[in-house]
Amino acid sequence: MTVTDTLTIGGDAGKGSNGGDGAAGGKGGNAGETQEDYVDTNITGEIGVSGNGGKGGAGGNGGPGADGGEGGSGTLHLTNSTVTAQSIVVGGEGADGGNGGNSGSNGKYGTADIVASAGSGNSGGKGSNAGNGGSAGDGSLVVENSTLNVTSAIQIGGNGGNGGNGGSLQGSQSAGTGGNGSDGASGSLTFTNSVINNTGTLTLGGQGGNAGDGGTNNGARGRSGNGGAAGNGGTGTAIFESGSGQIASDIQLGGENGSHDGVLNNSTLAQSAGLGGTGTLEIRGGTFTAGTLTIGLANQWSALTNTLSTTENQFLQSGGTFQIDSTVLNNGSLTVSNGTLASQTLEASQGTLTISGDGTAIFGSTELNANNWQENVVLMQQNQQLTFNGKLVLNSDTTLDLSSPDLNWRVGGDENTYGLGASSLTVLNARSYIDSGNTALALGDAQIDSDAYLLILTDGGVTTGESFTATTASGSSSQSSPSWLDTNISTTSRLLAATQVTSADTTQITIEKADLSTSLSLLSASSTSLLGAMISQIGVDASSDNAAQQFLSRSADINYVSDATTSARLIDSAINLASIANVAGTSFQIMSATAETLSKHLSMGQHFFLGTPLEEGFNLWAALLHNNSKLSGYHAGGFDAKTKTGLNGIFIGGEDTLITKEGNILKTGGALNIGKGKSKTRGNLYPVKNNIDFWGASLYGSWINGNWNLVGDVNYSRISHSLKQSLDPVTGYSSLSGKPKSTVFSAGLTREYVFETDYVDIMPHIGIRYTMLKNDAFQAKNDEASLFKNSASTQSLWSVPLGVSFTKEYKNEAGYTLKPALDLSYIATGGDTTSGTKVTMAAVDGSAWSKSRIADSSAYAGNAGFLLQKDNLTYGLNYGIQKSSNETAQSISASFNMKF
């Protein structure tokens, strides 16, 4: 349905008729005239006189004016419809009262003679009273499952009629009274599950009419007619149950008072202008918007009664969301008991403002969830087991001024509360008020209850030592400005805390570093050091372009991470990536496997004395190695990690054998090795996978002199690590990666001696080994964004293996020689048994010192295997295990030798 002009629901009242005017009084008769200029005398000598004029008749009274007719009530119920109209009026208009009738003028005297008197004129008739305006018809509009499009205006509640003017006094009789204007009819709108698009205005409550003026007396004695009373505007009510759309560009709750009080004009009574109708807007659900919301008009004095208007206009919200550009509270009440009201500005001079229950009022912005405050509040409630009674959210950098003494306001509390009451929550953004220098909330004489709460959003690069003014007070009290209990103030970052300083009229809040031992109790001391430097130098900013700052800020923000344990776990895992993956420990294991393989190859336990006769020549050998180890490498704060590493490598070497004249055997040669491996780190930190590639070269030699043997080797290894850490994606960082490289140099000497017996050869041995481990610097990244720099580090370790081997050779008639072997050793390790890595981030002058275990100071090892030789070929198989307090390593190797 399309209406090209105005859709009106509810009939207008009829206008009262004017009172009839009184008729004019009759004119008096003229006196008789003498015909001659002389006087005759009669027989008796008397003189003759002419006759007097007669009295005029009285004027008739005017007839009374008729009352206007009543407008009919109207109801329009829209269901599954679309209506487009220029404007909609719900509730009929009150009608004007008629004007009172004028009194009739008095009749004139007749003409007098020289001797005779004229006749007197009679009085005019009375002016009659005017008719009153008729009653206007109520209107009701119900919209269900429909669309309502309006381009100009919606008026709910009819305007009051004007009072008629009193009749004027024309003669001695009274003039008629002006008729009373009738009240505007009430109107209502009920809106359910529909869409509204109103680009015009919405006015709830009709305008009051103007009072009639008293009649004039025109110099005559007597009373002119009284002016008629003005009609009041009709009440307007709009209830939005559900739906969506723009309710209006401008909403006015409460009609205007009439603009004209009656003028006295010598009458005995003057009337006041009509009152504007009361407006009520109720939002019970749905999602609606508007340009402006004005509750009540700026009060005006009545010239006759010398009082202010007390019309009670109401905005009530018990659900849904309502977003407005500006709100003005002139009189009446604004109540939010549930749902969310968001207004960019609030001007509140008088009236009542109440936010309670599950109601939320946002001022400063129409954005419903700026800086994710809603999620922060939910987490605050969960973590502290709180239920809030009213929430006030300040979404801008301007002051919310609630200081007017004529404004009665409360958030939370009960009907006796004035200010921030019990269980209320105030939410504000620290960065906004730090930058603007404005006060967040002007309290006036209002108070803050001891059970009120404050949540400070601390994103946006807030640093320690920055401060802002949270509240100002009137300063009229002898006490200091109201403030929250320190224990009731929370921030959204576990890295920051807030402290208050109060004076007579201000409460200042300063951002400080939180006690991380309490807020993140599981965090390691090294990570705490880096966090402290970041907080004081560049602050907390979950939206920063600095990836490390963004990650750490989000990890500590309750909006992103709901519990402190996960926060600490995320932070420690990312900062200590290299240590958790145990890059240094894995590199040391590779070098240890290399050194062990060479030591076995050159040991007298691997030499055949009964086998193929010794001769000079070249020996080519190869070995396959698999090593599997578990190392508890990382432990700091409340976290630890265990690395499981698997290595597979191949060694290819060759040496020349020389027999001296004295029968001693000298072997010198070299070997190359290459391999791959994988490690996985698990624990109560986030896991890390490490793909390992390594290669190396060795030079070695041995000197067998009788039962003595001296072995020496020098080794070089280059190791590439490819790390990938899986993180909880709540911060936007689901993984970190890095590509560290290590260089290892090792040199060792071993001394052996064989005691030959009939059953077993016993060979004690002792050695010393020096290992230098250098780890190159690398960046921990996410999608090419660098978070943390892991600096280069160097460790030096000394190892002293001490053990004994048991071997025996067995040769059969077929020419095979079998040599089983068992070795038991104790290994003491000293030097840098833990690695230290300096971890830094961009724009921060500070670091974390991350540590992980490379090796235990003491370990026990056992090896069992055998060699089988025939002619110039030798085959070997060996199993080894090494055990210490934090490490278990197992290895299997197979070897092959060919003598040329």
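Tutor: A residue is called buried under 20% relative accessible area, exposed over 50%, and partly exposed in between. The model here is predicted. E241, at 30% relative accessibility, therefore counts as partly exposed.

Student: Which residue forms a salt bridge with E241?

Tutor: Side chains of opposite charge can pair when their charged atoms come close. Here the partner is R284, with the closest N and O atoms 2.6 Å apart. The pair links distant parts of the chain, 43 residues apart: R284 is in the loop between strand 11 and strand 12, and E241 in the loop between strand 9 and strand 10. R284 is partly exposed, because its relative accessibility is 36%.

Student: Where do K676 and D693 lie, given that their side chains meet in a salt bridge?

Tutor: The N to O distance in that salt bridge is 2.4 Å. K676 belongs to strand 31 and D693 to strand 32, so the pair ties together parts 17 residues apart in sequence. Salt bridges with shared partners also join E241, E282 and R284 into one network.

Student: What separates R431 and D435 in helix 2?

Tutor: About one helical turn, because they are 4 residues apart in that helix. Their closest N and O atoms are 2.9 Å apart. R431 is buried at 14%, whereas D435 is exposed at 56%.

Student: Which strand gives the most to the positive patch?

Tutor: Strand 31 does, with 3 residues. The surface patch includes K630, K678 and R682. K630 lies in strand 29.

How values were computed: Residues are numbered from 1 along each chain as its sequence is written. This is a predicted model: local features need pLDDT of at least 70, side-chain atom pairs count only at pLDDT 80 or more; totals for chains, interfaces and linings use all residues. Side-chain values use heavy atoms; hydrogens and water are left out. Patches are made of residues with over 30% relative accessible area and no salt bridge: like charges are joined within 9 Å, nonpolar side chains (Val, Leu, Ile, Met, Phe, Trp, Tyr) within 5 Å. Accessible areas come from the Shrake-Rupley method with a 1.4 Å probe; for residues, only the protein chains shown count as cover. A salt bridge is a side-chain nitrogen of Lys or Arg within 4 Å of a carboxyl oxygen of Asp or Glu. Lys and Arg count as positive and Asp and Glu as negative; His and the chain ends are not counted. The place of a charge is taken as NZ of Lys, CZ of Arg, CG of Asp or CD of Glu. Helices (H or I, at least four residues) and strands (E, at least two) are DSSP runs, numbered from the N terminus. Buried means under 20% relative accessible area, exposed over 50%, partly exposed in between (1.4 Å probe, protein chains only).
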